[in-house]
Amino acid sequence: MSFTNEQVERYSRHIILKEVGAKGQKKLLNAKVLIIGAGGLGAPVAMYLAAAGVGTIGIADADEVDLSNLQRQVIHTTADLGKAKVKSAKETMQAINPDVKVNTYRKFITSENIMDIIKDYDFIIDGTDNFPAKFLINDACVMAGKPFCHAGIIRFKGQLMTYVPGEGPCYRCVFKDPPPKDAVPTCKQAGVIGAMAGVIGSLQAMEAIKYIIGKGDLLTGRLLTYDALTMTFRTVKLPKNHECPVCGDHPTITKLIDYEQAECDMHI
Ligand SMILES: [Zn+2]
């Protein structure tokens with residue numbers, strides 16, 4: 001694959017970097033990344049990956065754009081209110097860079113559909129805002145052997161880590177089970193500073209790009225935490241948990257779990 005003149009100009013600031021170069025840019029153009037969630041985290045990830053020329057980007061979200069989203073979900077505008085988030089996101093991404101192909105999935109990710117959706121992608125971004133989705137993405141990626149970048153944000157705090165098969169702990173090695181429902185407040189209940197989504201989502205985009213070009217150190221075996229009020233970034237080393245129920249030596253979770261569904265079942 002050779003570059004068009006337009007591509008040489010569009011990606012010139014990448015191509016000039018010795019860590020990227022023409023070779024790295026071609027890797028980006030050939031890469032396929034899936035973003036689950038077209039919200040606060042998914043917005044900067046989708047925009048930076050589209051701008052970077054990641055050739056195929058999938059984006060999954062069942063919701064429509066709501067006025068309360070616009071304080072942080074910068075991929076959507078006031079004119080997009082009521083529109084499907086995946087449609088609005090795709091329009092912005094293709095306005096930034098018509099070079100990229102955007103696949104949209106207007107649906108909630110469940111144990112029934114996640115394996116089929118992730119199978120075509122090289123790297124997955126967890127841009128979701130709830131624990132059932134985070135554990136589902138983790139377990140599916142471990143089972144399918146897919147690398148992914150987890151992130152979470154609330155109030156003035158954010159965190160992220162990256163899982164690469166065979167290279168470090170998974171999300172469940174660190175956080176064994178979802179907390180009981182309502183034990184941990186959501187962003188809707190507790191609030192989140194809008195720029196936090198920009199900081200942490202941009203870091204997720206950076207992890208995906210580094211994974212694709214094969215340069216630098218990923219957040220594998222490390223959890224990065226960011227406290228905006230004290231302006232502190234920390235990385236905590238995370239060992240692999242050999243007792244992990246999904247990626248450990250003797251896995252006990254061998255089927256995907258829909259946690260919300262399981263909770264509902266308990267009440268029937
Ligand atoms: Zn694990």
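Donors to a metal are taken here as N, O and S atoms within 2.8 Å of the metal (3.2 Å for Na, K and Ca), and because water is not among the atoms, sites may look incomplete. The model is predicted, so local features need pLDDT of at least 70 and side-chain atom pairs count only at pLDDT 80 or more, while totals for chains, interfaces and linings use all residues. Residues are numbered from 1 along each chain as its sequence is written, and side-chain values use heavy atoms, with hydrogens and water left out.

By that criterion, the zinc ion is coordinated by the SG atoms of Cys170, Cys173, Cys244 and Cys247, at 2.2 to 2.3 Å. The angles among the four donor atoms run from 92 to 121 degrees, and the site is tetrahedral, a label given to four donors if all angles lie between 85 and 135 degrees. For four tetrahedral donors the ideal angle is 109.5 degrees. Along the sequence, the donor residues of the zinc ion follow the spacing C-x2-C-x70-C-x2-C. Helices (H or I, at least four residues) and strands (E, at least two) are DSSP runs numbered from the N terminus. Cysteine 173 is buried, with a relative accessible area of 12%, and cysteine 244 is buried at 0%, where buried means under 20% relative accessible area, exposed over 50% and partly exposed in between (1.4 Å probe, protein chains only).

Elsewhere in the chain, strand E4 (residues 123-126) pairs with two strands, pairing being counted if DSSP finds at least two bridges between them. Strand E1 (residues 32-36) runs parallel to E4 and is joined to it by four bridges, with isoleucine 35 having isoleucine 125 as its bridge partner in E4. Two bridges join E4 to strand E5 (residues 148-154), again in parallel, and here isoleucine 124 stands opposite phenylalanine 148. From E4, Phe123 and Ile125 point one way and Ile124 and Asp126 the other, yet all are buried.

Just after H10, glycine 214 takes a positive phi of about 70 degrees.

Note on methods
Tetrahedral: all angles 85-135°; square planar, octahedral: opposite > 155°, others 65-115°.
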